[in-house]
Amino acid sequence: MSRLSTLLSREVALAWGRGGGPLVAVGFYGGVATLVPLAIGPEPERLAAVAPGLAWVALALASLLSLERLLERDYEDGALDLLTLSPTPLELICAVKCFGQWLATGAPLALAAPVAAIALGASPTMAPLIFACALAGGLAFAFMGGIGAALSLGARRGGLLTAVIVLPLFVPPVIFGGGALDAYAAGLPWEAGFALMAAYALAAIALGPIAMAAACRNALS
Amino acid sequence: MITALELRDVAVRRGGRLLFEGLRATLSPGEARALTGANGSGKTSLLRAVAGLVRLDAGEISFGGAEPSEARGAGLHLVGHQDGLKPARTAAEELAFWSHWTGGTPESAAAAAEALELTPLLELEVRRLSAGQRRRLALSRVLASPRTLWLLDEPLSPLDARWRQRFGEMMAAHVARGGMILAAVHDPLPLPARTLEIAA
């Protein structure tokens, strides 16, 4: 087994053990989806109109929950120091940590997203697109979120700072993904929105770890 | 491969405060040096600087001609105050991961656990270990993979007298094989070692 695959399996194991791991994110997601009808009223027509967008925004917020601990614990307990003392570039280490985060949190959330949207009144025919958007968008959330997690290393109330840094970076996938879902619901072409979101996710995968590694080096020194 | 460690006019500043400057020292194969100084004098910072984790304010650190990032990535171990061990993982999982990460094998990890009498503890979660057992687990990582330079930050402090002596013997054996050790200590190292003092 290569170093990176060993690190990935460790990250996923740690994420599952991290205070309930993905169950907390999925539980939060379900909680938000449950609160919406209480806030805006239970009329099916009204809920169906906002269901895809709400499911999408709730997904972005649920993705924020576990970002704080993506690097913070390794930073505090010295594991990040030791991870740097290997031939593996820190950029790759950061990429693996984000991918592990996506596997442990983003993928379960992607499974929950169609369920929540349909529960809110979205058409079941939208389920595959919601799932695909949540998978691709989850990658963008994990890799862009990693930048915020790295930049807030060592800061007091780092979780809050991470959210403040990361939310603007979540805007493009929220717009593109939400746009694709709205277009599909209206019977309009949705492919462009999905393609733009996928492109953003690829850019996040390519650039996020570079920024994360620079921020980690700065925090460690 | 690290064939020597040389510090040339090294200065480190932390939080705007100059910890030390003009520090010169060498470490050759088969040599151990005890890094001494008062609390806050910069011993930990110097070890972290050698590991590339702290920026130098001035000076240079070289590894006998090896490219610094390669030397640090494959040639040195760091055991600091924070041991990087995860409380919810078992000692076996942690030792296996870090051994693999630093180039060891399952066999070398098992041998390291045996040498430090950790084998009966391997199935315990790290949170269940005493401070001394946890330190032995952290130290087992340096035995589990062959790296030339050991950077140790107060390695013996949580250990009892027996384990201080035993790990002293292991350090001596590493030095005898041509290894190098730079260890921040308050008490004398249990092996022949020159002292590198950081003045306050």
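In the predicted model, the crossing of helices α6(A) and α7(A) is right-handed. The axes of α6(A), which spans residues 90–120, and α7(A) come within 8 Å and cross at roughly 150 degrees; because this angle exceeds the cut-off of 145 degrees, α6(A) is described as roughly antiparallel to α7(A). On the side of α6(A), the residues that make the contact include C94(A), C98(A), W102(A), G106(A), L109(A), A113(A) and A117(A), while among those contributed by α7(A) are A127(A), F131(A), A134(A), G138(A), F141(A), A142(A) and G146(A). By residue class, the contact of α6(A) with α7(A) divides into 18 nonpolar, four polar and one charged.

R157(A) counts as exposed, because its C-beta neighbours inside 10 Å number 11, and the limit for an exposed residue is 12 or fewer. The C-alpha atom of R157(A) is separated by 9.5 Å from that of E68(A), although the two residues are 89 residues apart along the chain.

Between the two chains, 16 residues of chain A are in contact with 20 residues of chain B. On the side of chain B that touches chain A, two or more residues are given by each of α2 (68–75), β5 (76–79) and α3 (91–101) of chain B, with α3(B) providing the largest share, four residues. The residues on this side of chain B comprise ten nonpolar, six polar and four charged.

Conventions:
Residues numbered from 1 in each chain as written. Chains lettered and ligands numbered in written order. Predicted model: local features only at pLDDT ≥ 70, side-chain atom pairs only at ≥ 80, totals over all residues. Buried ≥ 20, exposed ≤ 12 C-beta atoms within 10 Å, placed from the backbone. Contact = placed C-beta atoms within 7 Å. Nonpolar A, V, L, I, M, F, W, Y, C, P; charged D, E, K, R; others polar. Axes fitted to C-alpha atoms, helices over the stretch in contact; angles between N-to-C directions. Parallel < 35°, antiparallel > 145°, perpendicular 65-115°, else oblique. Left-handed = near helix turned anticlockwise from the far one by under 90°.
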